[in-house]
Amino acid sequence: MIIIHHGSGVTQALAELEEGKTVLKNYSDLKTGQVKELVEVYSQVHPQKNPLLIAGPLDEANPSVLDVLLKRIEEPLEGCPELILWARDYGSVPETIQSRCGEKYHYQPQGSHPLYSKAESLYISIREGNLVDLCSTLRSVGAEDYRAILEAYTEV
């Protein structure tokens with residue numbers, strides 16, 4: 001079964017899925033010509049070890065163009081390359097494609113706030129009742145960063 005990979009961490013996941021495989025082609029502009037070429041290449045047996053085709057973002061392609069893919073993804077040929085389909089927004093992928101594929105969400109955690117370590121020090125100082133460390137931490141934060149330290153504090 002072909003899987004549609006999607007979510008905020010999809011680009012990082014694609015890089016991991018490529019490891020150890022021979023990428024034959026990455027179709028990133030899914031217009032009529034490229035989708036027809038994708039179907040043609042996907043319909044062939046390739047001599048490379050672990051051949052791979054990547055196509056996406058499906059959510060940005062014209063749904064009528066993607067109809068060309070339907071028959072081929074329903075009945076992949078023996079020995080054809082692995083096909084990875086991807087989208088940023090799974091809900092925008094046409095239902096005709098969704099119904100013929102599995103789906104896997106790739107999460108990418110948000111990076112921590114730039115003032116996270118100072119906010120963590122602030123929290124520890126308050127929790128332990130250490131007024132010297134509390135004052136020292138607050139003094140190290142500039143007046144322009146007061147709002148930012150409060151935002152970071154809510155992360156802690």
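Reply: In this predicted model, the residues Lys118, Ser121, Leu122, Ser125 and Ile126 of helix α5 meet Asp133, Leu134, Thr137 and Leu138 of helix α6. Sorted by class, this contact of α5 with α6 holds 4 nonpolar, 3 polar and 2 charged residues.

Me: Which quantities describe two packed helices?

Reply: Two packed helices are described by the angle between their axes and by the distance between those axes. Here, α5 covers residues 116–128 and α6 covers residues 131–139; their axes come within 8 Å and cross at roughly 155°.

Me: How are α5 and α6 oriented to each other, roughly parallel or roughly antiparallel?

Reply: An angle over 145 degrees counts as roughly antiparallel. Helices α5 and α6 are therefore roughly antiparallel to each other.

Me: What is the hand of the crossing of α5 and α6, left-handed or right-handed?

Reply: The crossing of α5 and α6 is left-handed.

Me: Let us turn to the whole chain. How many helices and strands does the chain have?

Reply: There are 7 helices and 5 strands in the chain. Starting at the N terminus, the elements follow the order β-α-β-α-β-α-β-α-β-α-α-α.

Me: How does the radius of gyration of the chain relate to the globule rule?

Reply: The chain has a radius of gyration of 24 Å, whereas the globule rule gives 15 Å for 156 residues; the value for the chain is well over that, so the chain is more spread out than a compact globule. The C-alpha trace spans about 70 × 35 × 25 Å along its principal axes. Of the 156 residues in the chain, 38% are buried.

Me: What share of the contacts in the chain between residues at least 6 apart in sequence join residues at least 24 apart?

Reply: The share is 85% of those contacts.

Me: What is the phi of Asn50, and where does Asn50 lie?

Reply: Asn50, a residue other than glycine, has a positive phi, near 55°. Asn50 lies in the loop between α2 (32–42) and β3.

Me: What is the relative accessible area of Asn50?

Reply: The relative accessible area of Asn50 is 38%, and Asn50 is partly exposed.

Methods
Residues numbered from 1 in each chain as written. Predicted model: local features only at pLDDT ≥ 70, side-chain atom pairs only at ≥ 80, totals over all residues. Heavy atoms only, no water. Axes fitted to C-alpha atoms, helices over the stretch in contact; angles between N-to-C directions. Helix = DSSP H or I, 4+ residues; strand = E, 2+ residues; numbered from the N terminus. Parallel < 35°, antiparallel > 145°, perpendicular 65-115°, else oblique. Left-handed = near helix turned anticlockwise from the far one by under 90°. Contact = heavy atoms within 4.5 Å. Nonpolar A, V, L, I, M, F, W, Y, C, P; charged D, E, K, R; others polar. Rg over C-alpha atoms; globule rule 2.2 N^0.38 Å. Buried < 20%, exposed > 50% of the residue type's maximum accessible area, 1.4 Å probe, protein only.
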